[in-house]
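Keep the sequence and the model in view while reading.

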Amino acid sequence: MDSMANQIALPLYEKIPRKNTLQRVFDILIFFLLLSLLIYRFLFLKNHGLTWFLAFLCESWFTFTWALVISTKWNPVEYKAHPDRLLQRVPELPSVDMFVTTADPVLEPPLITVNTVLSLLAIDYPAHKLACYVSDDGCSPITYYSLVEASKFAKLWVPFCKKFNIHLRAPFRYFCSNPQTFGGSSSDFQQEWKRMKDEYERLSRKIEDAVQKSVPSDFTGDFAEFSNIERKNHPPIIKVIWENKTSLPDGLPHLIYISREKRPKHPHHYKAGAMNVLARVSGLMTNAPYMLNVDCDMFVNNPKTALHAMCPLLGSKSENKIAFSQFPQVFYDGLKDDPYGNQMVVLFKCMAHGIAGLQGLFYCGTGCFHNRKVIYGLSPDDVDSINEKTANNILSNFGSSKELIKSGANALKGKTDPPLNLSNSIQASYQVSGSGYEYGTGWGTKVGWKYGSTTEDVHTGLMIHKRGWRSAFLSPNPPAFLGCAPSGGPSAATQQKRWATGLLEILFSKSCPIFATLFGELQFRQCLAYLWILMWGLRSIPELCYAALPAYCLITNSHFLPKVQEPTVYVPIAIFIIYNVYTLSEYLRAGQSIRAWWNNQRMSRINTVNAWLFGFLSVILKLLGISETVFEVTQKDQSSDDASDAEAGRFTFNESPIFLPGTTILVVHLTALVVSLLKLQPPARDGHGSGLGEVFCSVYLVLCFWPFLKGLFGKGRHGIPSSTICKSTALALLFVYFCRRVAIG
């Protein structure tokens with residue numbers, strides 16, 4: 001009896017502070033060194049020219065950015081969930097609607113989506129409490145066919161996983177491993193394992209054959225609605241692929257396919273629009289109080305993920321309401337040493353835990369469990385006892401569907417009374433997934449996922465935090481979800497550009513975190529954390545200027561660093577050494593190699609002056625009304641089996657102008673080093689020309705852009721296109737000409 005009472009008294013989750021005294025010392029030391037360099041520059045501003053002033057402006061920006069980093073990382077915490085206590089404390093777990101989004105059957109192959117769906121259907125959670133909705137913005141009959149075939153395989157796969165307590169429930173990953181590793185060695189298991197493997201291979205062949213043919217059938221029966229379909233101009237298609245009519249806890253969860261209506265003259269708001277259609281259709285069909293959303297390539301890696309997520313959502317105290325449980329993005333089969341710097345291991349190990357110690361981690365767009373009431377716009381003060389006026393205000397944004405308003409009212413009151421038969425909601429679901437349904441409603445502004453940015457995830461999370469909600473950041477072992485990172489220069493750059501664009505769209509909008517702090521409930525330090533990420537695109541301008549300074553000084557025989565004989569020369573040297581040793585220690589503590597650290601350092605330079613610069617320019621053009629920003633889908637690859645291949649880590653290029661700034665910087669610095677080496681500089685004006693400092697900076701930048709140097713001489717996709725090289729050479733010559741004119745003048 002006492003042990004039962006103790007179990008009830010114990011919390012469902014713990015928020016454990018991390019010790020970080022040494023990290024704080026390094027952070028403050030770097031900050032004071034940056035400040036001392038700024039003071040020195042300011043005091044001697046009159047004695048130097050334009051280069052000194054530009055360096056002062058750039059270093060002011062770096063100091064401000066570092067202050068944001070210090071604030072963000074200062075109080076790291078670890079969330080620890082206790083799923084075992086949850087099962088003892090909560091006799092009936094709440095329902096969860098699971099959303100999977102895909103947009104292009106070529107860039108996001110159906111077999112990837114199928115594996116994600118199968119892993120979701122097999123999680124450790126009562127099956128009658130789950131429903132899986134797949135949003136297909138590509139309106140692909142092949143995706144639908146793949147899901148239909150996958151549902152047949154799921155009837156074998158899910159019981160197999162539950163019977164043998166299989167931990168890895170995405171078949172393509174599970175069957176890559178030794179059966180003894182994940183299951184057992186009994187003859188019964190071995191027989192079942194072989195049968196499952198054969199069935200999965202049959203499923204894979206069917207899907208691959210359909211992909212090769214481009215059409216899965218003759219467009220009759222179930223596929224009739226896909227005949228003569230245009231991807232961006234079609235009516236809504238909603239199909240209940242599987243319904244758990246018996247409501248058995250050990251059965252198979254509902255599986256529903258949705259392709260929302262698209263018309264050329266109606267904005268569809270990319271992923272945010274798809275998420276809002278999923279919220280509305282699921283509200284009509286199952287109306288679960290919690291919603292999980294994952295990208296099509298993020299499969300469930302830990303079968304107890306839903307139980308982990310429910311601990312903070314169901315165990316939060318009234319003064320500390322948690323709106324969503326966010327899991328980190330972890331990648332499988334990543335290229336060795338992270339050559340594209342996009343696996344984000346240290347970002348989630350260091351920065352994310354710091355943000356978790358504030359108001360909570362940002363919503364990352366995948367691997368996140370949401371409270372439906374919060375997505376509908378409820379504030380923490382109203383969650384326990386919502387009054388009729390507040391409920392009516394929220395429901396007035398829902399649109400004209402009476403069925404949706406009724407389901408919304410039930411959700412806000414905490415009632416879940418879904419229809420006995422999913423097909424009963426099909427007609428109403430067609431209405432709310434129409435392209436014109438949202439006109440005159442609050443969807444995308446006051447209700448649901450927010451519009452106006454290509455990073456709808458951060459935007460939506462910011463608006464949730466603005467209302468005073470908190471979020472939980474959970475990092476269970478093994479990781480909850482695994483996905484695939486872009487594995488090529490163009491796709492990695494596309495992703496970075498999209499992020500920089502979307503984040504700046506938020507910064508330059510009414511949703512700016514500064515306004516959220518002044519007029520909302522966003523905490524001040526959480527505001528600083530949001531500013532740190534939203535200003536990624538802005539960093540391109542000071543970094544580009546600072547990258548040009550060493551080359552300018554070498555060509556004009558001037559200097560922007562303190563001279564060797566001045567004591568102040570030790571300040572930039574100390575900053576460089578301490579910062580690099582500090583960041584290297586972070587990577588080593590996170591289990592990364594020295595090579596991975598260097599790859600991330602150079603990729604941060606490459607991304608900033610290439611992808612982030614183009615993101616910045618896209619937003620400027622949007623603000624000037626010249627063009628609109630576009631959501632670009634990145635290529636998904638199911639497996640990086642070629643990760644061991646020597647070619648896999650080599651940088652790839654294409655004709656995109658996104659590689660122009662980086663190539664130009666490289667050519668400029670190579671030219672500057674040749675000018676310095678051959679003593680082709682003009683005489684120094686004040687007797688203090690360029691020195692070792694400027695040469696070192698130039699060599700360092702050439703090393704950072706080493707993949708581009710190899711690209712100058714590379715062939716095929718590993719070579720920079722000749723058109724880009726010609727344009728970069730012309731820009732570099734223009735820069736040299738400008739430097740010469742300034743020197744003569």
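## Helix α11

Helix α11 has twelve residues, and its first and last C-alpha atoms are 16 Å apart. That is close to the 16 Å expected at 1.5 Å a residue, where the expected span is 1.5 Å times one less than the number of residues. Helices here are DSSP runs of H or I with at least four residues, strands are runs of E with at least two, and both are numbered from the N terminus. The model is predicted: local features need pLDDT of at least 70, side-chain atom pairs count only at pLDDT 80 or more, and totals for chains, interfaces and linings use all residues. Residues are numbered from 1 along each chain as its sequence is written, and side-chain values use heavy atoms, with hydrogens and water left out.

Nine of the twelve residues of α11 are buried, so the helix is largely enclosed by the rest of the structure. Buried means under 20% relative accessible area, exposed over 50%, and partly exposed in between (1.4 Å probe, protein chains only). The buried set is V346, F348, C350, M351, A352, H353, G354, I355 and A356. These residues pack against β1 (13-17), α3 (50-73), β2 (77-81), β11, α19 (524-534) and α21 (570-589). Contact means heavy atoms within 4.5 Å.

## Backbone exceptions

Most residues other than glycine have a negative phi, and most peptide bonds are trans. The loop between β9 (322-326) and α11 (345-356) holds D338, and M344 is found in that loop too. D338 is not a glycine, yet its phi is positive, about 50 degrees. M344 also has a positive phi, near 55 degrees. D338 is buried, with a relative accessible area of 3%. M344 counts as buried at 14%.

A cis peptide bond joins N477 and P478, with omega about 0 degrees. P478 lies in the loop between β11 (470-473) and β12 (481-482).

## Helix α8

Helix α8 (residues 187-213) has 27 residues, which should span 39 Å at 1.5 Å a residue; its end C-alpha atoms are 39 Å apart, in agreement. Its buried residues include F189, W193, M196, Y200, L203, S204, I207 and A210. An α-helix has 3.6 residues a turn, so residues three or four places apart point the same way. Cover for the buried residues of α8 includes α5 (110-121), α6 (141-163) and α7 (171-174). S214 follows α8 and has a positive phi, near 75 degrees.

## I606 in helix α22

I606 sits in helix α22 (residues 594-609). At 3% relative accessibility, I606 counts as buried. Leaving aside neighbours within four places in sequence, I606 is in contact with A611, C704, F705, P707 and F708. I606 and F659 are 53 residues apart in sequence, and their C-alpha atoms are 9.0 Å apart in space.

## The whole chain

The protein chain has 27 helices and twelve strands. Its radius of gyration is 28 Å, close to the 27 Å that the globule rule gives for 745 residues, so the chain is as compact as a globular protein of that length. The radius is taken over C-alpha atoms, and the rule is 2.2 Å times the number of residues to the power 0.38. Along the principal axes, the C-alpha atoms fill a box of roughly 90 × 60 × 60 Å.

Buried residues make up 58% of the 745 residues. Of the contacts with a separation of 6 or more, 83% join residues 24 or more positions apart.
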